Amino acid sequence: MTYQFSDRVPESDEDPVGNILKVAGSPDVISFAGGLPAPELFPVAELKRVTDEVYDESGRQALQYSTAIGYPQLREQIVKRMAHQGVKTTIDNIMISTGSQQSIDLTAKMFVNPGDTVIVEKPTYLCALDVFRSYGAHIVGVDMDENGMKIDQLEKAVAENPNTKFIYTIPNFQNPTGRTMSADRRERMIEIADNYDIMIVEDDPYGAIRFAGDDIEPIKFYDDHERVIYLSTFSKILAPGLRLGWIVAEKSLIKKFTLMKQSADVHSDNLTQHIVAKFMSEYDIDDHIDKIKQVYRKRERVMMNAIEAFFPKNVHYSHPEGGLFIWVEVPGDVDTKALFDTCIKHNVAFVPGEPFYPDAVTPGTFRLNYSNMSEDHIKTGIKRLGDAIKETISESVSSVSRN
């Protein structure tokens, strides 16, 4: 039979990132490819305890169908978390989602018609790009520096694209670069959105995991006209397998989100919502997050020290103050695939930069993850990676000389 797929389905079944992760998953390979939290930090015993309590106290309710907007007690806990970040809200402004990936998908589904413009950081989260493309968006990338999206280029992009629906940004410890947008740029982004009457989608899965520098209020903090849709998740601060995230938005928008979600999956896992709400009522989640930050800080320092020791001196890399990632840029016209293949020969892996770009790709770029590897493996893996970079650069220079 010939299947008549919609335009949203990719024509090719090729999954380059999946193939990379599959190769990187070999037991002999030290992999910095996946954006995985450290599993040894998952609060297994505590979650087991509160799960038993949920079954004992409200098992029948937790196992029943529920409302799409989400369990009220969990939304109340999120109100407290948002207040801790300087954002005053109510449970009527919050909907629970099945991870922040669903939040991105629902937002695109609600606002993007084919041909509408979505402005993003360049590079940016690859799965968000996949979502926006699936709804036919015209994606415009804006360059970044160490302080986030370049605001002059952002304003130019907005002015040149009057059909812009929203700006998508990951302001804290961005995926893939690990960079953080400065406070003044957050304020300027709001001003631009106000002037052009467009929305901002603030994706903040990593903001709580700051282990250096000073806290910066979310973009939502500066929002006086309800134009920021704020997304976050429990995946990085509790456990990704729970698949729970949340959306903060203006009340009428939450009603629309709820209708859209109901048609997608009726509601997020009700039992898990009860479990997480119980966990947050009985344990201090900030104490748990502090443990995560301490471990990630040590691993990031080990990786940075190893990079400084083993990478060629002309290689550039980001200096994250939190989150999970470091972005690397190898100068010159380095073929990232060739570099990846060389790294696999050295039994070390990364995620190449290509899938993170909405348009023209900067060669020689890749993402490293430090959260999911022991300190000894980080030292060994970065040394292997440094050797592979030097080998690839040498081969590239030799090839140019021969030509």
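**Exercise 1.** Which residue in strand 14 is the bridge partner of V351?

*Solution.* The model is predicted: local features need pLDDT of at least 70 and side-chain atom pairs count only at pLDDT 80 or more, while totals for chains, interfaces and linings use all residues. Residues are numbered from 1 along each chain as its sequence is written, and side-chain values use heavy atoms, with hydrogens and water left out.

Step 1. Find the strands: helices (H or I, at least four residues) and strands (E, at least two) are DSSP runs, numbered from the N terminus. Strand 13 is 351-352 and strand 14 covers residues 365-369.

Step 2. Check the pairing, for which DSSP must find at least two bridges between two strands. Two bridges join strand 13 to strand 14, and the strands run antiparallel.

Step 3. Read off the partner: V351 is bridged to R367.

Step 4. The open sheet has four strands in the order 10-11-14-13, paired antiparallel. Strand 10 (316-317) and strand 13 are its edge strands, each pairing on one side only.

**Exercise 2.** Describe the interface between the two domains.

Step 1. Count contacts (heavy atoms within 4.5 Å): 30 residues of domain 1 touch 32 residues of domain 2.

Step 2. Take the buried area, the accessible area (1.4 Å probe) lost by two parts on being put together, summed over both. The value is about 2700 Å², with 65% from carbon and sulfur atoms.

Step 3. Look for salt bridges (a side-chain nitrogen of Lys or Arg within 4 Å of a carboxyl oxygen of Asp or Glu). Three cross the interface.

Step 4. Ask which elements of domain 1 take part. Helix 10 (285-310) and strand 11 (325-329) each give two or more residues to the side that touches domain 2. Helix 10 supplies the largest share, seven residues.
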